[in-house]
Amino acid sequence: MIDLFDDVAQSLRTARSIVVLTGAGISAESGIPTFRDALTGLWARFNAAELATLEAFAHDPELVSRWYDQRRIQVAQCRPNAGHLALAHLQQIARGRGKSFTLATQNVDRLHQAAGSTEVIELHGSLWVWRCLDCGTESEERGGAFEEYPPTCPCGGIRRPGVVWFGEMLPAAALAAAQVAAERCDRFISVGTSSLVYPAAGLIEQAIAAGASVLEVNPHATPLSDRVRWSLRGPAGELLPRLVDAAFGSPSGKNV
Ligand code: BJW
Ligand code: ZN
């Protein structure tokens, strides 16, 4: 009998077009808490979903900008894990074999890019980019912590993190590119997302509706688990390298 892993691996080999959607779970093994993990330390009395809104920022810009800046500094110390690396490897192999490959992420940590993935679609923006509320200037911040909260722009305006908060529109071009890819693909891999937040979770539903074979990689079930073709239960940092290796061989060249 063909086992689940071999079945998924075989389907990746025969895929024409692969789309991967990632969420916070793929960065958990890099030491970044998932969005729905309880906040710890100084932030233990806050709820992340309540801080990630324009209303929270408008009410207390110092508090919210401190939280984002602390996360930026924390992420700067984190490295991509084996799951990120496996997806970068999968992109290289898939494209090398003439397959279409799209990676869309809900994450704001840029660890996919650090792992070598290219043309990553960022659905929820980035922790590294800050934007002036007055003049709209965006800049990437790679230095140490800000000296004032909220940080200010040379024009005098206050700056906000370049992420997408609840109630805000996703960047139109990023969302459109991900939707087109989800509708056209024949294999879709959802990794480390609770599938609770829309419109990102809707990409999984769009792929299912368009007839793609969908794989979910997550230690826990999600609201969409019953609708996907395969569920691999476990940490992405273990399962993705095994899967890519089973499908195409390891980066060292075996089976490629
Ligand atoms: C592992 C693991 C390991 C752990 N390996 N896995 C339709 C229906 C209902 C509501 C809506 C709807 N459409 C829109 C809405 C409203 C809202 C929404 O979806 N609300 C839901 C909560 C119901 N959506 C929006 O507001 C969006 N905007 C929008 O739709 O605009 C149009 C509009 C406006 C106004 C009204 C109506 C429409 C914007 C959403 C923006 C989300 N932003 C955030 C914050 C980003 C900045 C920041 O980081 O602070 O994005 S919220 C947060 O959730 C973050 C994440 O990207 C996102 C998704 O979370 P994710 O990645 O799935 O993480 P977790 O923590 O939830 O799950 C981790 C998973 O990993 C778990 O399953 C673990 O088991 C797993 N795991 N270890 C693999 N080792
Ligand atoms: Zn400005």
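Trainee: Before we start, what should I know about the numbers?
Mentor: It's a predicted model, so to speak: local features need pLDDT of at least 70, side-chain atom pairs count only at pLDDT 80 or more, and totals for chains, interfaces and linings use all residues. Residues are numbered from 1 along each chain as its sequence is written, chains are lettered from A and ligands numbered from 1 in the order in which they are written, and side-chain values use heavy atoms, with hydrogens and water left out.

Trainee: OK, which domains is the chain divided into?
Mentor: Domain 1 (4-31 + 80-124 + 169-248) and domain 2 (41-77 + 128-163). Those bounds come from an automatic or database domain assignment.

Trainee: What separates their centres?
Mentor: 28 Å, taken over C-alpha atoms.

Trainee: And how many residues are in contact between them?
Mentor: Five residues of domain 1 touch nine residues of domain 2, where contact means heavy atoms within 4.5 Å. About 480 Å² is buried between the domains, and carbon and sulfur atoms give 50% of that. In domain 1, Val108, Asp109 and Arg110 lose the most area to domain 2, together 73% of what that side buries. Buried area here is the accessible area (1.4 Å probe) that two parts lose on being put together, summed over both.

Trainee: How many salt bridges between the domains?
Mentor: One. The side chains of Arg110 and Glu140 form a salt bridge at 3.3 Å, N to O; the term needs a side-chain nitrogen of Lys or Arg within 4 Å of a carboxyl oxygen of Asp or Glu.

Trainee: Where is Arg110 found?
Mentor: In the loop between β2 (100-105) and α7 (111-115). Helices (H or I, at least four residues) and strands (E, at least two) are DSSP runs, numbered from the N terminus. Arg110 also has a positive phi, near 60 degrees, and is not a glycine. Glu119 is another non-glycine with positive phi, about 50 degrees, and lies in the loop between α7 and β3 (121-122).

Trainee: Why point those out?
Mentor: Because most residues other than glycine have a negative phi, and most peptide bonds are trans.

Trainee: Switching topic: how much space lies in the second largest pocket?
Mentor: About 190 Å³. It has 13 lining residues, and the closest to its centre are Gly125, Arg131, Glu138, Gly162 and Pro171. β4 (125-132) and β6 (159-163) each give two or more residues to that lining, and β4 gives the most, with four. Domain 1 and domain 2 each supply at least three.

Trainee: What counts as a pocket or a cavity?
Mentor: On a 1 Å grid over the protein atoms alone, a cavity is a set of points where a 1.4 Å probe fits but cannot get out, and a pocket is an open set with protein on both sides within 12 Å along at least five of seven lines; lining residues have an atom within 4 Å of a point. Points are joined across faces, edges and corners, and a volume is the space filled by probe spheres set on the points.
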